[in-house]
Amino acid sequence: MTTPQVMKCPDRHFHQIIFSLGSYIADYPEQVLISGIVQNWCGRCMAFPNNLDSGGALQTLELTQALIEELSLCVVWDEWGIDANIVPFTDDFPHTDICQLLTPNILHQLVKGTFKAHGMEWVGKYLEVTYGKTGAKEHLADINRHIAAVPPFLGLHMFPDGQGFLQRTGDNLKALMKVYLLAIEGHIPDDIVHTLHASL
């Protein structure tokens, strides 16, 4: 990656090229892990976690290394959101800065946001408002029984515990979407089922 290769480019001239990564698509937990930031901090800028909309100076490899060299590990962690114990895998790559390459996985965030944060919570809140806490638990238990009872079929995941599985990854949520509408039917009004169907 440090030795240039001679290639003919679209302008019909030969150029010496050093290849590097273009972008790195990752969901937030993976961004935290590979870029060496502290949870809830931005991987691309130096904005404080309680005010991410304010922006901040771009997070760069040079800035990160300078802060680690000059400040104590506690100060770097608490005030700059940098985990000095993590060395990004791109650290030795020429012309590569992981902080500038990070791209959020928007599709993953949309799936988790619309389905889990809005759809599933909306159903739970509707059941609680309509039937009270005890009645909502009974309806949710029945929904879980329906989800767990889905027969094995090619392309469908099995959820023996219903929607109560521990790790809600994007893949698990996409698989749950395939059976969720059928499981909630009869427990909530058809208008809500149609709305959820349209958003999925």
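Student: How do you know how confident the predictor is in this chain?

Tutor: This is a predicted model, and the chain has a mean pLDDT of 81, with 91% of its residues at 70 or more. Among the elements, helix α3 (residues 73-80) has the highest mean, 90, while strand β4 (residues 102-104) has the lowest, 75.

Student: Let's turn to single residues. Why is threonine 64 called buried?

Tutor: Buried means under 20% relative accessible area. Threonine 64 has 11% relative accessibility, so threonine 64 counts as buried. You will find this residue in helix α2.

Student: What does isoleucine 82 touch, leaving out residues up to four places away in sequence?

Tutor: Contact means heavy atoms within 4.5 Å. By that rule isoleucine 82 touches several residues, including Gly36, Ile37, Met46, Leu67 and Trp77. Thr64 is also one of its contacts.

Student: Which residues lie closest to the centre of the largest pocket?

Tutor: Good place to look next! The largest pocket holds about 160 Å³ of space. Of its 16 lining residues, Thr64, Gln65, Ile68, Ile86 and Pro88 are the closest to the centre. Helix α2 (61-70) and helix α4 (98-101) are the elements that give two or more residues to the lining, and α2 has the largest share, with four.

Student: What classes of residue make up that lining?

Tutor: Nine are nonpolar, four are polar and three are charged.

Student: Which residues touch the most other members of the largest nonpolar core?

Tutor: Val123, Ile147, Ile184 and Ile188 do, in a core of 23 residues. At least two core residues come from each of α5 (106-148), α6 (170-184) and α7 (190-199). Helix α6 gives the most, nine residues.

Student: What is isoleucine 147 in contact with, beyond its neighbours within four places in sequence?

Tutor: Its contacts are Phe159, Gly162, Gln163, Leu176, Val179, Tyr180 and Ala183.

Technical notes
Residues numbered from 1 in each chain as written. Predicted model: local features only at pLDDT ≥ 70, side-chain atom pairs only at ≥ 80, totals over all residues. Heavy atoms only, no water. Core = buried A, V, L, I, M, F, W, Y, C linked by side-chain atoms within 4.5 Å. Buried < 20%, exposed > 50% of the residue type's maximum accessible area, 1.4 Å probe, protein only. 1 Å grid on protein atoms, 1.4 Å probe; cavity = no way out; pocket = protein on both sides within 12 Å on 5 of 7 lines; lining within 4 Å. Points joined across faces, edges and corners; volume = space filled by probe spheres on them. Nonpolar A, V, L, I, M, F, W, Y, C, P; charged D, E, K, R; others polar. pLDDT = per-residue confidence, 0-100.
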